[in-house]
Amino acid sequence: MGLDFNVALTGLSVGEKMISVAQNNIANAQNSSYARQRAEVNVVGITQGTSGVNSQLGSGAIVEEISRIRDELFIQQSRTELGSIGYYSAAKDVLSNIETVFNETGENSISDLMQNFFNSFEEVSKFPEQSSYRLSAIYSGKMLSDKLRGVTQQLDEVKNQTDQKLTTEITQVNQLLKKIADVNKRIENVQTDKPNALMDERDKYLDELSSYVDVQVKYTTKPQDMSIKVGNATLLAGTNTYDVKAMYVKERDEWVLGASDVQFKPKAGSLAGTLNTRNGYIATYQNDLNKLVNNLINEVNTIHNSGYGMDGSTGLDFFQGTDSRTIKINAVLESNPEKLALSSENGVIGNSDIAKAIADLKEKPFMDSKPPANFYQEYTSRLAMDLNIAKQNEEIHTDIQKSLESQRQGVQGVNVDEEMSNLLMVQKFYQANAKTLSTTKDMLDQLFSII
């Protein structure tokens, strides 16, 4: 082989690529989706037919590939935690809105107004002939019914906002799928099986997508031929996307999701949290509130219908409507307080058995074997508990994700100090190869001068 420029030139070429890698790493030091790169150096193969000592010397070095340093396990675990954070964060937001609607810590809460309603009948039972007490009982019923209707309207507004949020998140999911498909298309058009920059970009979108839905990503030997599934539904196959669509089922008042003609129900991510809160929590709270109001209407009206007003009227309902959306005070009573039935005997004005019976409903276990106040207290306690669970789980999974992301970045992230150290090493490496090249040239010049 003798004095050969090529060996030193391969060293210079390796040095140049190593410097380029270090430059790219440092430039992406603040990019959390970037996987640190490394130049994989190997020896140049011996030319066929070489023998003797020359076959033992070797022919220099070559960069075979630029590899991405990453740990797939940390990546998957981090994405799983992103999905959990998204789920509980979405649930927390909706539940917080519902808690604000009921506002049990503020004035004129449902529990306070319900208590005032029963207390007003207890008071009017002591002075059944006085109009001011009659008006107070009627007014307390109006306040309670107005509050219940108002809360229901606000719950409807929360439901509408949640529907809009669901639509927005589906749009964002579909946009991310299109971005990933576009990256796959660009990967397909490049002349390498390891387009590192494009795969970094794709990982960024996959991280974002994982916060919306629990994606199952499957790779093949060709980097562009990857697929994304949620449950049994395919959302992406290579460069083809299948939009997530939502369908409203009016009979059940709920939304269902589908993609590629397959219905699916995400288990994690903000889309799952929003969907489950919309279809589950809101519906449960509305149904339980309606149950309480319906039973209250029936119990009060049954007693009131059997009594007599000061004018001898009977058979009047105190409440009208059937649930929290339609409940209201009987307009006849508002304008004619003398028709408020407080007596169990016609013509006996001082009798207040009916008023006492309505007041006693406060302790009657007509709500799942519980008094109405106890039932409602459990109702609001369950709401507070659901909200606290969502908050705590969001915090727990946030801490876990931070730890996993730290480990992930420990593997694939860029350490600027380390890269600067590598630059100095490569600089010396490059200078040494340049010196070797210069020495070879000097030796050849001396040899030719002799000739």
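**Figure 1. Packing of helices α5 and α6.** In this predicted model, α5 (131–189) and α6 (residues 196–210) pack with their axes 10 Å apart and at an angle of about 165 degrees. Axes are lines fitted to C-alpha atoms, for helices over the stretch in contact, and angles run from 0 to 180 degrees between N-to-C directions. The two helices are therefore roughly antiparallel to each other; angles over 145 degrees count as roughly antiparallel, under 35 as roughly parallel, 65 to 115 as roughly perpendicular and the rest as oblique. The crossing of α5 and α6 is left-handed, a term used if the near helix is turned anticlockwise from the far one by less than a right angle, with right-handed used if clockwise. On the α5 side the contact includes Val173, Leu176, Ile180 and Ile187, and on the α6 side it includes Leu198, Met199, Tyr205 and Leu209. Contact means heavy atoms within 4.5 Å. By class, 11 residues of this contact are nonpolar, 1 is polar and 5 are charged; Ala, Val, Leu, Ile, Met, Phe, Trp, Tyr, Cys and Pro count as nonpolar, Asp, Glu, Lys and Arg as charged, and the others, Gly among them, as polar. Helices (H or I, at least four residues) and strands (E, at least two) are DSSP runs, numbered from the N terminus.

The model is predicted: local features need pLDDT of at least 70 and side-chain atom pairs count only at pLDDT 80 or more, while totals for chains, interfaces and linings use all residues. Residues are numbered from 1 along each chain as its sequence is written, and side-chain values use heavy atoms, with hydrogens and water left out.

**Figure 2. Packing of helices α4 and α9.** The axes of α4 and α9 come within 8 Å and cross at roughly 155 degrees. That makes α4 roughly antiparallel to α9. The crossing of these two helices is left-handed. From α4, the residues in the contact are Phe117, Phe118, Phe121, Glu122 and Val124, and from α9 they are Ala355, Ile358 and Ala359. Of the residues in the contact of α4 with α9, 7 are nonpolar, none is polar and 1 is charged.

**Figure 3. The nonpolar cores.** The largest nonpolar core has 49 residues. Such a core is a set of buried Ala, Val, Leu, Ile, Met, Phe, Trp, Tyr and Cys residues joined through side-chain atoms within 4.5 Å. Ile98, Phe102, Phe117, Phe121 and Phe318 have the most contacts inside the largest core. Helices that each supply at least two of its residues include α3 (72–102), α4 (110–124), α7 (270–305) and α10 (372–412). The helix that gives the most is α7, with 9 residues. A second, separate core has 31 residues, including Ile170, Ile187, Tyr205 and Tyr212.

Figure 4. His304 lies in helix α7. This histidine is buried, with a relative accessible area of 0%; buried means under 20%, exposed over 50% and partly exposed in between (1.4 Å probe, protein chains only). Leaving aside neighbours within four places in sequence, the residues in contact with His304 include Leu316, Asp317, Phe318, Leu333 and Ile358.

**Figure 5. Two residues with positive phi.** Most residues other than glycine have a negative phi. Asn103 has a phi near 45 degrees, a positive value, and is found in the loop between α3 and α4. Its relative accessible area is 36%, which makes Asn103 partly exposed. Asp368, which is not a glycine either, has a positive phi of about 50 degrees. Asp368 sits in the loop between α9 and α10 and is partly exposed, with a relative accessible area of 40%.

**Figure 6. Two buried loop residues.** Gly309 lies in the loop between α7 and β10 (319–320) and is buried, at a relative accessible area of 9%. Leaving aside neighbours within four places in sequence, Gly309 is in contact with Glu338, Lys339, Leu340 and Ala341. Val244 lies in the loop between β6 (240–241) and β7 (245–249) and is buried, with a relative accessible area of 4%. Beyond its neighbours within four places in sequence, Val244 is in contact with residues including Ile170, Val173, Leu235 and Phe264. From Val244 to Asp261 is 17 residues in sequence and 9.7 Å in space, C-alpha to C-alpha.
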